[in-house]
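Colleague: I've got the model open and would like to learn how to read its packing. Can you walk me through it?

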Amino acid sequence: MTVATDAGAVARSRALVAQDTILVLDFGSQYSQLIARRVREAKVYCELVPGSISAEEIRRRDPRGIIFSGGPASVFEPGAPHPDPALYDLDIPILGICYGMQLLAVNLGGAVAPAERREYGHASVTVDEEAGLFAKLPSELAVWMSHGDVVTELPPGFRAIAHSLNSSCAAFVGPRRRYGIQFHPEVAHTPLGRDILRNFLLDVCGCAGTWQPASFIDMTVNALRHQIGDGKVICALSGGVDSAVAATLVHRAVGDQLTCVFVDNGLLRRGEGDRVVDVMRTQRHIHLVHVDATDQFLDALAGVIDPEEKRRRIGATFIRVFEEQAARLGNIDFLAQGTLYPDVIESTSHDTHNATKIKTHHNVGGLPENLRFELVEPLRYLFKDEVRNVGLALGLPEDMVYRQPFPGPGLAIRIIGAVTRERLETLRAADWVVIDEIKRSGLYRKVWQSFAILTPISSVGVMGDYRTYGNVVAVRIVESEDGMTADWARVPYDVLGLMSRRIVNEVPGINRVVYDISSKPPSTIEWE
């Protein structure tokens with residue numbers, strides 16, 4: 001059986017008959033998912049789809065509105081991405097953001113040209129028409145700009161409704177409820193951006209704003225039943241909330257047709273394996289197969305230093321283990337995964353083909369072309385906080401729901417360089433101290449992630465009267481809403497000091513601890 005990644009979308013769209021839906025067309029912005037997130041925050045369901053989606057597919061999904069994302073291209077350059085021209089024949093409101101606004105302009109008969117100077121960063125926009133997008137908003141808006149082109153000629157029937165120092169048309173409106181804005185309402189640097197999006201969603205598109213996790217559960221369970229039918233499903237459990245919620249949704253949909261496989265890959269943190277088995281097998285009564293595949297993963301990773309190669313090998317090994325289990329279990333048709341929106345975006349999947357790839361995630365990378373399972377990804381369009389809300393609504397225990405995110409490749413990408421049993425044990429011990437102290441300080445639920453990284457660097461130290469030459473451990477603690485952007489956490493010095501003392505004293509071979517104060521961007525949360 002080959003992978004049919006569109007099957008879930010088809011089933012889901014059929015379940016959306018009574019659900020207000022917004023489609024966000026992605027034209028390559030790394031932050032397109034932030035638009036989707038802001039829509040969800042307004043309690044309106046949305047999906048991020050390729051900018052090349054056909055008008056017929058849009059018609060079939062019957063959205064209340066469409067949002068064009070930004071993008072790195074210039075609309076007048078050869079090969080620049082454009083939407084299906086036929087979508088303009090649909091009577092659906094459209095909001096174009098930055099590059100999306102420029103697409104609307106040129107596609108509907110206007111013109112765009114390079115600006116005299118690039119407009120990037122904080123800016124002020126003057127509202128000329130306080131209605132529609134700008135209803136009940138101040139006449140002066142602080143916004144975030146990031147563009148090198150401007151609209152120089154409006155399409156027929158359009159009018160400017162806001163301007164800035166750099167452009168006489170910072171926003172426009174046209175027939176059939178077509179809006180464009182040159183700035184980015186989705187980012188935090190546009191303080192009233194959520195209000196602008198809410199005006200579009202509720203007032204322009206007529207959405208009810210009633211989408212809740214319970215709505216997602218009902219919709220997804222129905223879609224899963226349609227997709228899976230009487231087939232059998234194997235689900236990868238990793239120990240995290242993502243795979244636990246995915247498995248619980250599939251189990252609610254098809255019951256004993258699901259078999260969960262928990263693979264102990266030897267790359268987990270202390271005590272995680274036992275907790276997975278207890279919750280999913282004992283408490284949730286899900287059929288669970290526990291596989292110790294430590295040797296297989298460590299053999300696959302032997303001598304590998306490149307982080308992308310680590311991810312690929314881990315992904316491929318996961319698939320091999322699943323196929324071995326499927327052969328033992330009989331005829332398995334589907335593979336369920338806890339893939340999330342950020343996984344999809346950062347891996348530049350088929351849904352975001354215009355974006356620039358940052359790194360491969362094991363849930364969406366490393367899959368062989370001849371994979372014999374059809375993928376089931378019920379969380380593919382959710383952010384982490386939404387997954388947690390769904391998990392609570394499903395009755396999963398809070399300690400599992402609020403477990404800090406842990407990468408699919410596990411500790412392998414928190415060891416810089418080659419992965420060995422000895423280095424894994426060293427990192428586990430250091431990581432245990434970080435988590436223990438964060439919990440003791442009451443910060444565990446307040447930060448996004450907190451963990452240790454084992455570096456390949458050795459440094460000179462002194463313990464007692466002896467010179468030491470040991471490894472350096474880095475501590476990474478970040479604050480974030482969804483993992484797509486993050487800032488380093490301003491943890492009290494006494495907490496960091498206690499972590500450092502404990503790691504040096506309790507973990508053999510470590511004599512120095514450093515704290516990572518990088519933000520994302522430009523860094524990523526993980527070091528690899």
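Colleague: Which residues touch the most other members in the largest nonpolar core?

Modeller: A nonpolar core is a set of buried Ala, Val, Leu, Ile, Met, Phe, Trp, Tyr and Cys residues joined through side-chain atoms within 4.5 Å; buried means under 20% relative accessible area, exposed over 50%, partly exposed in between (1.4 Å probe, protein chains only). Here the largest one has 93 residues, and Val-245, Leu-249, Val-250, Phe-322, Leu-379, Ile-477 and Ile-503 touch the most other members. Helix 7 (residues 241-254) gives the largest share, 9 residues. Helices (H or I, at least four residues) and strands (E, at least two) are DSSP runs, numbered from the N terminus. This is a predicted model: local features need pLDDT of at least 70, side-chain atom pairs count only at pLDDT 80 or more, while totals for chains, interfaces and linings use all residues. Residues are numbered from 1 along each chain as its sequence is written, and side-chain values use heavy atoms, with hydrogens and water left out.

Colleague: And is Gly-391 buried or exposed?

Modeller: Gly-391, in helix 12 (residues 384-393), counts as buried because its relative accessibility is 0%. Leaving aside neighbours within four places in sequence, Gly-391 is in contact (heavy atoms within 4.5 Å) with Val-245, Leu-396 and Val-401.

Colleague: In what order do the strands of the open sheet run?

Modeller: Two strands pair if DSSP finds at least two bridges between them. Here 5 strands go 12-11-10-13-14, with parallel pairing. Strand 12 (288-292) and strand 14 (374-376) each have a single partner strand, so one side of each lacks a neighbour in the sheet.
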